[in-house]
Amino acid sequence: MAAKQDFKRSFQRVNEIIEAHGRNPVELISILQEVQEEYRYLPEEILNYIATAMRISPSKVFGVATFYENFSLEPKGKYVVKVCDGTACHVRKSTALLNALKKKLELKEGQETTQDLMFTLETVSCFGACGLAPVMVINDEVYGKVTPEKAEKIIDEIIKEEGGRGNDQDH
Amino acid sequence: MIRTIEDLYNLHEDYKEAMNREKMKILVCAGTGCVSSGSLEVYEALKEIVQEKELFVDIDLMEGGREGVNVSPSGCHGFCEMGPIVRIEPQGYFYVRVSEIDAPEIVEKTVENNEVVERLLYRNPETGEIYRTEESMPFYGKQKRLVLEHCGKINPENIKEYIALGGYQALAEAFEMTPEEVCQVVLKAKLRGRGGGGFPAGIKWDSVRKEHAGQKYVVCNGDEGDPGAFMDRSIMEGDPHRVIEGMIIAGYASGATKGYIYVRAEYPLAVKRLQKAIQQAREFGLLGENILDSGFDFDIKISKGAGAFVCGEGSALTASIEGNRGMPRTRPPRTVQKGLFQKPTVLNNVETFANVPLIILYGADNYLKIGTKDSPGTKAFALTGNIVNTGLIEVPMGTTLREVIYEIGGGIPQGKKLKAVQIGGPSGGCLTSEHLDLPMDFDSLDSAGAMIGSGGLVVMDEDTCMVEVARFFMDFTQKESCGKCVPCREGTKKILEILEKIIAGDATMEDIKLLEELAETVKDGSLCGLGKTASNPVLTTLRYFRDEYIAHVKDKKCPAGVCQAFKTYYIDPEVCKGCSKCVRVCPNNAISGEIKKPFSIDAEKCIKCGACVSVCPFNAVKEG
């Protein structure tokens, strides 16, 4: 029941976003960015809905949504953890940081989002904060000179703030 | 509201006078780097104390003509590693790693008693020398900050400070000329595109000016995608009005009335600052209709990227602004004829536009005195990697690599040797110690097989494996290939596979031959800059470090000791005390022995994970 209600609301919100951009196909990327900000990903139904509402083909919408790395067709976690793997971070051991986070979040090979939809772990090419390498960004907060230990602590704090993980195994 | 040029000069005088009443100015860096190190808390703490003591003034508090102390956020100083940075004017004291608990001491000593807080000054980690002011530090002393002159010195969120320092006067001067004359000045100043190509901006502007079209556009490329480059971010965050002013001048010169700034999504603070700056410029009448009563209309919109490196390429960028997949197209027609929305478009990058006000105010003749004959002006570089002073720098074109690395950058940490410098990001190439005295300008770098690119300089020391570096860049370009041209899409993938094979120790000399052939094919068979330059890291490393490739293939060795596959671990029997800690962590049961006697590693079973190295309390496990 709750999910159904969510969907009703979502189309309404999508409509508002499309209207705010004057149904202009040129604004498609901005529209998708705002929709994703709202839902943390781009559900297929919504992509179809956008195409119909804006009178452009679904393949065009899908084409744009899959071209850009920032768009996700899979649900993302509430906290998107981005580890920078740009040149400067790479030479300052960002790989070790990434591995530590993978272990901490119990992510399997190829898995990006935790089961409870709390965290998504990604790499990005550069935040341009190279003076602070290695850099990690959680949602919009930038963390500099992050060691694996520091990263684990930050994750622990978020988990604590969220009142523990859904399936708390540590008790 | 500024309606006329006279209004602008009058306001400039008023604001200048207001700023002169700031007997002291505490500038707290609010660039991305320092914010993440906690600079906003430092700013709040300092401001609160100064306000409590009823000393606070700023440009918005004009009435009464009271003198006092201003505490203001500023743009990036470029010395991000040492953040949060606080600069005190007029003394020029430069405090590093400041935290909010230092605020009372700064106010008490520096503000009230004009003393310096010694412990917050920068100390050279190699020599221990302490520097009191920004200007006395070798990092800054050797630089020539013209484009970055305001970064770190003004509040980027207040247009009044920009106007107080002469902002928008270049625009006023441009309006006194005809559009053709403005193009001629830029042409004469030989301003070359700072995004990497080095194409003369004046030619672009003049070409667009000559086109007959109802609508023309000015596009600013702020899609600084090269990993390890952050010059444009710092300018957009630290002095956004300068970019806007440059764009309006370009619009006037070329007859374009609409501007777009394309900023990558990874730069949220730059977007925010630009938005605010555009808003303020509109309120002041510097964007909109009939700017400064010139009869010229211009407005700017921000377009946010969505994470595609290829969008830094001109035609891909315009496709992205139009709401399409950002894929490059064949040229001609060129952007100046059919660019954004098929209309004539001036497309330059952030730093290029930021140079424009300088050229108009200084005049082309004076601008030509800076830099080299064919590459006048300065260039901003982002200095990163294995270097003592990581940061953003600006030097005259033609400065040598040696000056940049050893004088400004402070050399390589721990006295290590320089191996290579990757210049221009993944599309660039690498330079070696033999290039240390090469002047860095467009043409000299080109002849060395590298390019200035956007200006990222990644310094690598002797412990870097160049094959691994090539693999790293190829991994990047391979992921970022848009997929349009087969040689780029498939070729980069195959190149990456071969590089991985070399690193894993499975390659033959045939593979190196194939690698070279592929690299040439990708270069020749791709449409856009990304594909054409994708193999540069491979080609330049093969050119300068061929012996390293051969060592990996023939001798099965990684000379830098980086590549995991070639590592072997052994236990030094002299050092081992037989505690068995290593046995317990070994995931593959490769270690055996008797307690209190030296243990040994079975090389056949060892998977080279290195777990035993970190756990041994006696450092008995050695890499060989």
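Trainee: How many residues of chain B are in contact with chain A, and what makes a pair a contact?

Mentor: In this predicted model, 40 residues of chain B are in contact with 32 residues of chain A. A pair counts if the C-beta atoms, placed from the backbone, lie within 7 Å.

Trainee: Which elements of chain B give two or more residues to that side?

Mentor: They are α2 (32-36), β11 (378-385), β15 (456-461) and α18 (466-480) of chain B. α2(B) gives the most, with four residues. Helices (H or I, at least four residues) and strands (E, at least two) are DSSP runs, numbered from the N terminus.

Trainee: What is the make-up of that side by class?

Mentor: The side of chain B that touches chain A has 16 nonpolar, 17 polar and seven charged residues. Ala, Val, Leu, Ile, Met, Phe, Trp, Tyr, Cys and Pro count as nonpolar, Asp, Glu, Lys and Arg as charged, and the others, Gly among them, as polar.

Trainee: Why is helix α13 of chain B called largely enclosed?

Mentor: A residue is buried if 20 or more other C-beta atoms, placed from the backbone, lie within 10 Å of its own. Eight of the eight residues of α13(B) (residues 314-321) are buried, so the helix is largely enclosed by the rest of the structure.

Trainee: What do the buried residues of α13(B) pack against?

Mentor: They pack against α2 (28-39) of chain A, together with β7 (217-222), β8 (258-263), β9 (299-304) and β10 (345-349) of chain B. Just after α13(B), B:G323 takes a positive phi of about 90°.

Trainee: How are residues and chains labelled, and what confidence was required?

Mentor: Residues are numbered from 1 along each chain as its sequence is written, and chains are lettered from A in the order in which they are written. Local features need pLDDT of at least 70 and side-chain atom pairs count only at pLDDT 80 or more, while totals for chains, interfaces and linings use all residues.

How values were computed
Contact = placed C-beta atoms within 7 Å. Buried ≥ 20, exposed ≤ 12 C-beta atoms within 10 Å, placed from the backbone.
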